[in-house]
Amino acid sequence: MALLKSKIVVVPLGEVDFMMVNKLAADLGPVFNRSIDILKGMKMPVEAHNVVRNQYYCLVILSKLERLKANSRERVFAVCEEDLYLPEENNVLGYADVLSGTGIVSLYEIRQEFYGLPEDDSKIYPRLFKEAVHQIAHLFDISDCRNPRCVNYYSQMMLDIDNKTERFCDICKRQLTGMV
Ligand SMILES: [Zn+2]
């Protein structure tokens, strides 16, 4: 019997544009060639909020996401607007934990306002899409790619994200086809 492919569950977390998350969920399906569920939404867990930093701790959020899993093979991915952090990093654009199969991306740094620039809607969705694909690839145990054109390229700066394409390179593509 063929092994059923694991699902990706997309979670709009907190006050986030549901239409945008919905579009992302629809676009992710063909990229990873698997079915996508989209949840109605989840509140941002208050215990993730660090009052001193006025930021949200990624790992607390991921542990909440893990509880949403219907089975161990599901991958759960959240999209939020809040400013995220890890103890060793000031800001976190996106993060994925392969062991728990959970990941997150925040629009906080993706928005132009973060850089003191006027808002540019045409930039937001492509950045969100590329970062989501990059993080979800980690959930399938595919590590960062060194090809700056590949969507799975580790992007340190927003410019790197803007410059990379929305597609996997041949090497990443090959790795993805073997995943269940
Ligand atoms: Zn690649």
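The structure is a predicted model, in which local features need pLDDT of at least 70 and side-chain atom pairs count only at pLDDT 80 or more, while totals for chains, interfaces and linings use all residues. Residues are numbered from 1 along each chain as its sequence is written.

The chain has five helices and nine strands, where helices (H or I, at least four residues) and strands (E, at least two) are DSSP runs numbered from the N terminus. Read from the N terminus on, the order of these elements is β-α-β-β-β-α-β-β-β-β-β-α-α-α. Along the principal axes, the C-alpha atoms fill a box of roughly 50 × 35 × 30 Å.

Five of the strands form an open sheet with mixed pairing, in the order β2-β1-β5-β9-β8; two strands pair if DSSP finds at least two bridges between them. The edge strands, each of which pairs on one side only, are β2 (36-38) and β8. Between β8 and β9, which run antiparallel, there are four bridges, and Gly 94 stands opposite Val 105 in β9.

The angles below lie between N-to-C directions and run from 0 to 180 degrees, with axes fitted as lines to C-alpha atoms, for helices over the stretch in contact.

| Helix | Strands | Angle |
|---|---|---|
| α1 | touches β1, β2 and β5 | about 165° with β1 |
| α2 | lies across β1, β5, β8 and β9 | about 130° to β9 |

In helix α2 (residues 58-66), the residues Cys 58, Ile 61, Leu 62, Lys 64 and Leu 65 are buried, a residue being buried if 20 or more other C-beta atoms lie within 10 Å of its own, with C-beta atoms placed from the backbone. Seen down the axis of α2, these buried residues fall within an arc of 160°, so they line one face of the helix; the arc is that of the directions from the helix axis to the C-beta atoms.

Leaving aside neighbours within four places in sequence, Ile 104 is in contact with residues including Cys 58, Ile 61, Leu 62, Phe 77, Ala 78 and Gly 94.

Technical notes
Buried ≥ 20, exposed ≤ 12 C-beta atoms within 10 Å, placed from the backbone. Contact = placed C-beta atoms within 7 Å.
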